[in-house]
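Please open the model in your viewer and keep the selection tool at hand.

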Amino acid sequence: MLPDTKAAPRYPLVIVGAGALGLNFAARLAAVGPVALIARSEARAAELRAGVQVGDAIFRPQAFGPDSLPAADWVIVLVKTYDTAAAAHTALALRPRGVVSLQNGLVDDVLRGVCGSVPVGQGITTEGAFRDGAGVQPAGAGETLLPPGFEAVAARLQEAAIAARVEPQIAAARLAKLLMNVVINPLAAIFRVPNGAVLEPPQRPLFDALLAEAWPVLRAEGLALDEAAARERVIAVARATGANRASMLQDVLAGRRTEIDAITGSLLALAERQGTELPTHRAVFALVRVIEAAGRA
Ligand SMILES: NC(=O)c1ccc[n+]([C@@H]2O[C@H](COP(=O)([O-])OP(=O)(O)OC[C@H]3O[C@@H](n4cnc5c(N)ncnc54)[C@H](OP(=O)(O)O)[C@@H]3O)[C@@H](O)[C@H]2O)c1
């Protein structure tokens, strides 16, 4: 039998997850070089190739489904956190040099569990985008921080004018982002309020309690902010994004599953490992679960 000489195309960068942020990144990257997008199914990949609205323009990505995967040098994972394991299996099948997540919450253990000896890491991004019908809209530029080892990914993002850099203290940066997310996201989702309102009554006492419970746990894990600085940072983010709807609120309003497991769930897991109880976080975790179930019933 003749060997199969039809090798899969190889891309310097591949994004797994063609949602709000994945499409937003891919459209900007495609303007300066080759980038592939991996969708959940072949049908969705075909739809995307036909054209999808991203901002003001129609973007025709080089999109693939799970049965026709290309090869990749580097992979960025941008699925919702509950889809991380499936996306990691797809990422591994791309035979990459490394896999980096820019998801919220803490997911690097999941990636590591699937990817074995392939280097994995989790960065953070404050870029914003949201789904708008069948397309996506950018919601403001931000900054993307990558773990050491992912310099090549940072360089690609920079070429596309996406503010990105390798952050040596990425673990501390991730914990600071987790602190924002565990305090602001569940309150916004439970009370159905924009971010700024979590600082006001009647949400404010819960905001203070969530912050006071989370800080010592995250500090013990390597958060590089003292309590006053941490408080200032969370308040500043809530104010600066005051009119925005947190992603967890958007999920609740759309009847979608939230990322509460990877956000508050990750904090509760860290606390349990430290032998600490976080009653307010446990309560908001349970409430978001109930709201999710009611919205999806
Ligand atoms: N959007 C933002 O502004 C923002 C900012 C910072 C961080 N983040 C984080 O980035 C991550 C992605 O957020 P997002 O807003 O872009 O979510 P999203 O719009 O829901 O996009 C996720 C995409 O991943 C696809 N997907 C799911 N499983 C897959 C798989 N196994 N293989 C390939 N594709 C798969 C989904 O397909 P289906 O549509 O078929 O489910 C969906 O299109 C989240 O962790 C979020 O917290 C988002």
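What you see is a predicted model, in which local features need pLDDT of at least 70 and side-chain atom pairs count only at pLDDT 80 or more, while totals for chains, interfaces and linings use all residues. Residues are numbered from 1 along each chain as its sequence is written, and side-chain values use heavy atoms, with hydrogens and water left out.

Now look at individual atom pairs. A polar backbone atom of L21 is 2.9 Å from an oxygen atom of the ligand, and an N or O atom in the side chain of N104 is 2.8 Å from an oxygen atom of the ligand. At A129, a backbone N or O atom lies 2.9 Å from a nitrogen atom of the ligand. The protein covers 84% of the 900 Å² of accessible area that the ligand has on its own, as computed by the Shrake-Rupley method with a 1.4 Å probe.

From A129, follow β10 to strand β11 (residues 135–138), with which β10 pairs in the antiparallel sense over 4 bridges; two strands pair if DSSP finds at least two bridges between them. The bridge partner of D132 is G135 in β11. Between the strands this hairpin has 2 residues, and G133 takes a positive phi near 60°.

Then select strand β6 (residues 71–77), where 6 of the 7 residues are buried, that is, under 20% relative accessible area (1.4 Å probe, protein chains only). Strand β1 (residues 10–16) runs parallel to β6 and is joined to it by 6 bridges, with R10 partnered by A71. Strand β7 (residues 98–101) is also parallel to β6, through 4 bridges, and V77 has S101 as its bridge partner.

Finish with residues 170–292, where UniProt, in an unreviewed entry, places the feature "domain: Ketopantoate reductase C-terminal". The span is 70% helix and 0% strand, and its end C-alpha atoms lie 31 Å apart.

Terms used. A polar contact is a pair of N or O atoms within 3.5 Å; within protein, one must be able to donate a hydrogen and the other to accept it, and residues adjacent in sequence count only if both atoms are side-chain atoms. UniProt positions are given in the numbering used here, feature names are shortened, and annotations may be inferred rather than shown by experiment. Buried means under 20% relative accessible area, exposed over 50%, partly exposed in between (1.4 Å probe, protein chains only).
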